[in-house]
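Good morning, and thank you for joining.

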Amino acid sequence: MAHEHLVLRPGAPGVNGYRLLTALVVPRPIAWVSSLSADGVGNLAPHSFFTVASADPPIVQFTSVGEKDTLRNVLETGEFTVSLASRALIDDVNASSASFEPGVDEARALGIAMEPSAEVRPPRVAASPASLECRLHDTLAVGDSTLVLGRVVAVTIDPDVMADGRPVFDRLAPLSRLGGSEWGLPPEVVSVRRPG
C-alpha cells in the first residue's frame with residue numbers, strides 16, 4: 001500500500017525552502033574557505049554548498065548564500081583556499097561560522113593557527129590535513145546566492161593521510177553538514193566495484 005507523501009512548495013507561505021534543501025541534500029562536504037580582503041585582512045568561514053565542478057581543468061565550486069565577507073574578498077583579490085574540515089577540527093569549524101563584524105580576522109580571533117600557502121596569498125588552516133589553493137575562475141549569480149568557481153593551482157596534503165598515492169578517507173576524517181544544527185561525522189566506508 002502506497003504511503004501518502006506531503007507536497008511542499010518552496011516559496012509558498014510557511015514553507016522554508018532553505019531548511020528543506022539543507023535537510024534533504026545531505027551529507028554536504030564543507031569548504032572551509034580562507035580569503036584576504038584587498039587590505040590584507042583575513043577571513044575564515046565554512047561553506048556547506050561545495051563540490052567539484054571540473055576535473056580538467058581542476059575547478060571546485062562553493063556557494064555564498066547572500067553577500068558575505070568571503071565573496072567580497074574573493075571578488076577583490078581573485079584568490080582563496082579551501083582547507084579540509086576534519087573531525088578533529090569540528091569546534092573550530094563551527095566557531096568560525098559565527099557572525100563576525102566585517103574586518104575581523106576569524107582565525108586570529110578564535111586562535112586558529114594559519115600557515116602560508118604555496119601559490120596564493122590567502123593562508124591555509126595549519127591543522128587541516130589537506131587544502132586546495134584556488135584562483136577565481138568565474139562567478140554566477142543564482143537567486144539570493146553566488147556560485148564561486150575556483151581553479152585549483154596547488155594541493156597541500158599531510159603525508160600521513162596518503163596511501164598508494166592518494167588521500168585515504170578514514171585518515172582525512174572529513175566532516176559534513178546535515179540539516180539544522182546537525183553535523184555528519186566520517187561515515188562507514190564500503191568498497192563496491194563499478195560495473196565493467
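**Annotated domain, sheets and cores**

According to an unreviewed UniProt entry, residues 23-169 carry the annotation "domain: Flavin reductase like"; UniProt positions are given here in the numbering of this structure, feature names are shortened, and annotations may be inferred rather than shown by experiment. Please note that this is a predicted model, in which local features need pLDDT of at least 70 and side-chain atom pairs count only at pLDDT 80 or more, while totals for chains, interfaces and linings use all residues. Residues are numbered from 1 along each chain as its sequence is written, and side-chain values use heavy atoms, with hydrogens and water left out.

Over residues 23-169, the chain is 45% strand and 16% helix, and the end C-alpha atoms lie 23 Å apart. Helices (H or I, at least four residues) and strands (E, at least two) are DSSP runs, numbered from the N terminus.

Let me turn to the sheets. An open, antiparallel sheet is formed by 7 strands, in the order β3-β2-β6-β9-β10-β5-β4; two strands count as paired if DSSP finds at least two bridges between them. Its edge strands, each pairing on one side only, are β3 (42-47) and β4 (50-54). From one strand to the next, the twist averages 35°. Between β2 and β3, which run antiparallel, there are 6 bridges, and Trp32 has Pro46 in β3 as its bridge partner.

Helix α2 packs on this sheet, touching β2, β3, β5, β6, β9 (130-142) and β10, and its direction makes about 50° with that of β2. Contact means heavy atoms within 4.5 Å; axes are lines fitted to C-alpha atoms, for helices over the stretch in contact, and angles run from 0 to 180 degrees between N-to-C directions.

A second open sheet has 3 strands in the order β1-β13-β14, again with antiparallel pairing. Here β1 (28-29) and β14 (183-184) are the edge strands. β1 and β13 (residues 176-177) pair over 2 bridges, and Arg28 has Arg177 as its bridge partner.

Which residues make up the largest nonpolar core? There are 12 in all, including Ala31, Phe50, Val74, Cys134 and Val152. A nonpolar core is a set of buried (under 20% relative accessible area, 1.4 Å probe, protein chains only) Ala, Val, Leu, Ile, Met, Phe, Trp, Tyr and Cys residues joined through side-chain atoms within 4.5 Å. Two or more residues come from each of β2 (31-36), β5 (59-65), α2 (69-77), β6 (79-84) and β10 (145-157). Apart from this core lies another, of 10 residues, among them Leu89 and Leu175.

How values were computed:
Buried < 20%, exposed > 50% of the residue type's maximum accessible area, 1.4 Å probe, protein only.
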